[in-house]
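Take a walk through this protein with the structure open beside you.

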Amino acid sequence: VIRCRAAVAWAVGKPLSVEEVEVAPPKGGEVRVKIVATGICHTDECVLEGSFPNIDFPVILGHEGAGIVESVGEGVTSVKPGDKVIPLCIPQCGKCSFCLNPESNYCLKCHVSEPQNLLPDKTSRFTCKGKQIHHFLWASTFAEYTVIPEYAVAKIDAAAPLEKVCLLGCGFPTGYGAAINIAKVKAGSTCAVFGLGGVGLSVVMGCKASGASRIIAIDINKDKFAKAKELGATHCISPHDFSKPIQEVLTEMTGHGVDYSFEVVGHADTMTAALASCNMNTGVCVMIGVPPAGSVISIDPMLVLSGRTWKGTLLGGWKTRDCIPKLVSSYLEKKLNVDGLITHTLPIAEANKGFELLRAGK
């Protein structure tokens with residue numbers, strides 16, 4: 001058993017508490033990982049707000065990390081102690097009907113199908129103050145050590161800087177892949193990106209890499225505009241600067257609406273606006289933001305009947321164990337600008353400060 005620090009969420013609406021936890025050794029088919037760095041993703045914030053479905057407290061959050069294998073359980077063959085790895089918030093078991101489908105990146109062992117609050121044998125490897133602590137998406141990267149099923153870990157290049165490539169665990173591939181894999185943005189097209197956090201900026205980079213000629217970045221926080229332009233946005237607009245709905249503004253700017261729109265906020269009203277802002281016949285709208293559990297959207301059916309495509313994505317369509325290591329290699333070849341997404345670096349003791357910066361849009 002390893003004793004280490006972890007930022008524990010004891011209850012909804014409460015700040016994280018940095019505690020000493022015990023991390024049990026890996027059982028068969030499991031890997032214990034020393035987490036070196038983790039990003040803070042808005043999905044973690046959704047859990048703290050109580051708007052993410054089927055989570056059990058107390059829980060160790062975090063799902064955008066990178067680390068080094070400390071030990072492996074019986075039967076584990078794809079990684080060994082000392083390997084650099086990224087935990088995968090969408091596993092790739094390789095056996096379910098979705099994993100076997102070349103067009104699917106979803107695995108039926110994912111949280112959306114069956115909650116990942118405990119490891120597959122329905123027990124936890126974490127205890128704190130004598131209490132069982134739950135896992136989160138099988139990653140729990142807000143702990144200095146975590147235990148993960150083998151099929152939810154990707155071995156990456158030994159040269160990878162873990163404090164940078166941790167973002168390839170969720171934020172960057174989600175946004176970049178939404179443009180490249182899901183929307184399949186065409187060269188010369190026009191795109192609109194709603195929400196300019198780390199994921200939205202990754203969408204901007206994906207649209208630019210695909211050769212889009214106009215990339216319109218939308219956020220109510222104008223402090224985000226300079227970074228968006230640096231990463232490829234051609235126009236930046238705030239809905240607060242207009243008296244009419246943003247979809248009408250975008251339609252006027254482009255003639256008949258954009259070719260591709262991306263919602264990276266997670267609000268029902270921006271999802272409807274993003275759908276309405278793409279052109280009525282061949283426009284494609286991709287939903288990336290996570291809405292609060294139980295949200296309902298009502299739309300005019302004509303928005304879709306006229307030909308628009310409305311689709312969602314989890315983790316940008318990448319088959320995780322196959323593709324995340326390739327993205328790391330592309331990063332090492334300087335083909336991907338992940339460093340541009342990092343604004344602050346904090347020690348684990350200041351985890352709550354990280355969430356304060358997130359809430360403040362910084």
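Two strands count as paired if DSSP finds at least two bridges between them. Keep that rule in mind for the sheet. Note too that this is a predicted model.

Which order do the strands of the open sheet take? The order is S4-S1-S2-S7-S8, and the pairing is antiparallel. The sheet has 5 strands. S4 and S8 stand at its edges. Each has a single partner strand, so one side of each lacks a neighbour in the sheet. Look at the S4 edge. S1 and S4 run antiparallel and are joined by 2 bridges. Val-8 has Ile-60, in S4, as its bridge partner.

The largest nonpolar core has 52 residues. Ile-60 is among those with the most contacts inside it, along with Leu-16, Val-21, Leu-61 and Phe-136. Several elements each supply at least two residues of this core, including strand S2 (17–23), strand S3 (30–38), helix H1 (42–49) and helix H10 (351–359). The largest share comes from S1, with 6 residues.

Another core lies apart from the largest one. This other core has 51 residues, among them Ala-212, Ile-215, Tyr-260 and Trp-318.

Next come the rings. The whole structure holds 5 aromatic pairs. One of them joins Phe-52 and Phe-136. Why is this pair called edge-to-face? The ring centres are 5.9 Å apart and the planes meet at 70 degrees, so the pair is edge-to-face; planes over 60 degrees apart count as such. The pair links distant parts of the chain, 84 residues apart. Phe-52 sits in the loop between H1 and S4. Phe-136 sits in the loop between strand S8 (131–133) and S9. Both Phe-52 and Phe-136 are buried.

Last stop: helix H6, residues 246–254. Which of its residues are buried? They are Ile-246, Val-249 and Leu-250. Seen down the axis of H6, these buried residues fall within an arc of 95 degrees, so they line one face of the helix. Their cover includes strand S11 (190–194), strand S12 (214–218), strand S13 (235–237) and helix H7 (268–277). After H6 comes Gly-255, with a positive phi near 100 degrees.

Technical notes
Residues are numbered from 1 along each chain as its sequence is written. This is a predicted model: local features need pLDDT of at least 70, side-chain atom pairs count only at pLDDT 80 or more; totals for chains, interfaces and linings use all residues. Side-chain values use heavy atoms; hydrogens and water are left out. A nonpolar core is a set of buried Ala, Val, Leu, Ile, Met, Phe, Trp, Tyr and Cys residues joined through side-chain atoms within 4.5 Å. Buried means under 20% relative accessible area, exposed over 50%, partly exposed in between (1.4 Å probe, protein chains only). Helices (H or I, at least four residues) and strands (E, at least two) are DSSP runs, numbered from the N terminus. Rings of Phe, Tyr and Trp (its six-membered ring) pair if their centres lie within 6.5 Å; planes under 30 degrees apart count as stacked, over 60 as edge-to-face and the rest as tilted. The arc is that of the directions from the helix axis to the C-beta atoms. Contact means heavy atoms within 4.5 Å.
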